[in-house]
Amino acid sequence: MKQETIIIGAGIIGLLSAYQLASAGQPVVLLESGETGREASWAGGGIVSPLYPWRYSPAVTALAHWSQDFYPGFGDRLRERSGVDPEVHETGLYWLDLHDEEEALAWAERHGRRLQRVAMAQVRAAVPALGGGFARAVFMPGVANVRNPRLLRALREALARMANVRVVERCPVTEFVCEGGRIRGVRTAQGEMRAERVLVAAGAWSGELLATLGLVLPVKPMKGQMILFKCAEDFLPSMVLAKRRYAIPRRDGHVLVGSTLEDVGFDKTPTEDALDSLRATAVELLPALADAEVVRHWAGLRPGSPEGIPYIGEVPGFEGLWLNCGHFRNGLVLAPASCQLLADLMLKRKPILDPTPYAVAGRLL
């Protein structure tokens, strides 16, 4: 079978791009240098919202809003197709002691998003485990988190059931096959592969791939570390966020606390300093966690990009080469809209959103 599209990278963006294209009848081969869904997409918290949505550009906001509205139904459909529940868990989100609370409320009113001030007595009644050091809160109901390892597994299983998809793991791409100014395929550890189109969805590693063509893509790794506790299932009923750190409840009582933001290249080794810092955050937010065991501590590499605006579209001067990368902290948040838009552009359908802000032209260095 001739492959219409080769996708490089099997994180959330690569998997969901493959899912969208394959669902439209396109043959796809998905190449992953390691294991499917084991990098940034696995390492994140899974909040289906930017941490501070009012601080982002309209470009990020447009993708986020489309994706947030899409996720609940998508989780149900994916469970039916894969047999794996991605656990889209609507808990709402409390922001505590915001310095720009007025801007947040004004933004929400402009965009028709529910965000309201809540008296601290009401917050403490709703979240009894919350620490005592907070004076003000705003709450957005309906905000969900998705259990990202299960979302990735569900997508992988759904793709495995599609006859027009092939997933090849442990297959790093070394360079592109370029003939007459057009990208014709890739060279890999397992040999040369050809296709009509090649999509780079390799997260923090996308810039290194583009560099083999002499292109400078301003996407770089930004390390983030997380810790995981196991608590009672009703310990934390809602997500809470303060001082750029957050606690996220899973349905089974696991609570994630994150995250750091470190510019240290491709080093994703968990550190004791970060563990101590995250534990301190956990105890400040939820004092009972002082006596809880850290079940796991890990790090991932986010694909940092200017303003967090992803690159979605064809690369000028390299016909057949496409990008869907550079989502920074919001890969899981923005994935549904990003991958739908990418498929719309590739298949020449009417795009769900204006693609101009995400176009590659003029954004390479």
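Which residue lies over the face of Tyr 52, and at what distance from the ring centre? Then please move on to the sheets and the helices.

Analyst: First, the ground rules. This is a predicted model, where local features need pLDDT of at least 70 and side-chain atom pairs count only at pLDDT 80 or more, while totals for chains, interfaces and linings use all residues. Residues are numbered from 1 along each chain as its sequence is written, and side-chain values use heavy atoms, with hydrogens and water left out.

Now your ring. Arg 55 lies over the face of Tyr 52, 3.8 Å from the ring centre. A charge sits over a ring if NZ of Lys or CZ of Arg is within 6 Å of the ring centre and within 35 degrees of the ring normal.

Helices (H or I, at least four residues) and strands (E, at least two) are DSSP runs, numbered from the N terminus. Two strands pair if DSSP finds at least two bridges between them. The order in this open sheet is S8-S2-S1-S12-S19-S18, and the pairing is mixed. The edges are strand S8 (165-168) and strand S18 (311-314); each has a single partner strand, so one side of each is left without a neighbour in the sheet. From one strand to the next, the twist averages 15 degrees.

S18 and strand S19 (residues 321-325) run antiparallel and are joined by four bridges. Glu 314 has Trp 322 in S19 as its bridge partner.

Helices pack on this sheet. Contact means heavy atoms within 4.5 Å. Axes are lines fitted to C-alpha atoms, for helices over the stretch in contact, and angles run from 0 to 180 degrees between N-to-C directions. Helix H1 (residues 12-23) touches strand S1 (5-8), strand S2 (28-31), S8, strand S12 (197-200) and S19. The direction of H1 makes about 175 degrees with that of S2. H9 packs on the sheet as well, touching S1, S12, S18 and S19. The direction of H9 makes about 165 degrees with that of S19.

The axes of H3 (residues 58-82) and H9 (residues 331-346) come within 7 Å and cross at roughly 95 degrees. That makes H3 roughly perpendicular to H9; the label covers angles of 65 to 115 degrees, while under 35 counts as roughly parallel, over 145 as roughly antiparallel and the rest as oblique. H3 contributes Val 60, Leu 63, Ala 64, Trp 66, Ser 67, Phe 70 and Tyr 71 to the contact. Among the H9 residues there are Leu 332, Val 333, Leu 334 and Gln 340. By class, the contact has twelve nonpolar, three polar and no charged residues. Here Ala, Val, Leu, Ile, Met, Phe, Trp, Tyr, Cys and Pro count as nonpolar, Asp, Glu, Lys and Arg as charged, and the others, Gly among them, as polar.

H1 and H3 pack at about 75 degrees, with their axes 14 Å apart. That makes H1 roughly perpendicular to H3. Leu 16, Tyr 19 and Ser 23 in H1 meet Phe 74, Leu 78 and Arg 81 in H3. This contact has four nonpolar, one polar and one charged residues.

Tyr 19, Trp 66, Phe 70, Tyr 71 and Phe 74 form one aromatic cluster. Rings of Phe, Tyr and Trp (its six-membered ring) pair if their centres lie within 6.5 Å; planes under 30 degrees apart count as stacked, over 60 as edge-to-face and the rest as tilted. By this rule there are nine aromatic pairs.

Now a sheet of three strands. It is open, in the order S9-S10-S11, with antiparallel pairing. S9 and S11 are the edges, each with a single partner strand, so one side of each is left without a neighbour in the sheet. The twist here averages 30 degrees from one strand to the next. Six bridges join strand S9 (residues 173-179) to S10. Cys 178 has Ile 183 in S10 as its bridge partner. In the hairpin of S9 and S10, Gly 180 takes a positive phi near 60 degrees. A hairpin of two residues joins S10 to S11. Arg 187 stands opposite Glu 192 in S11.
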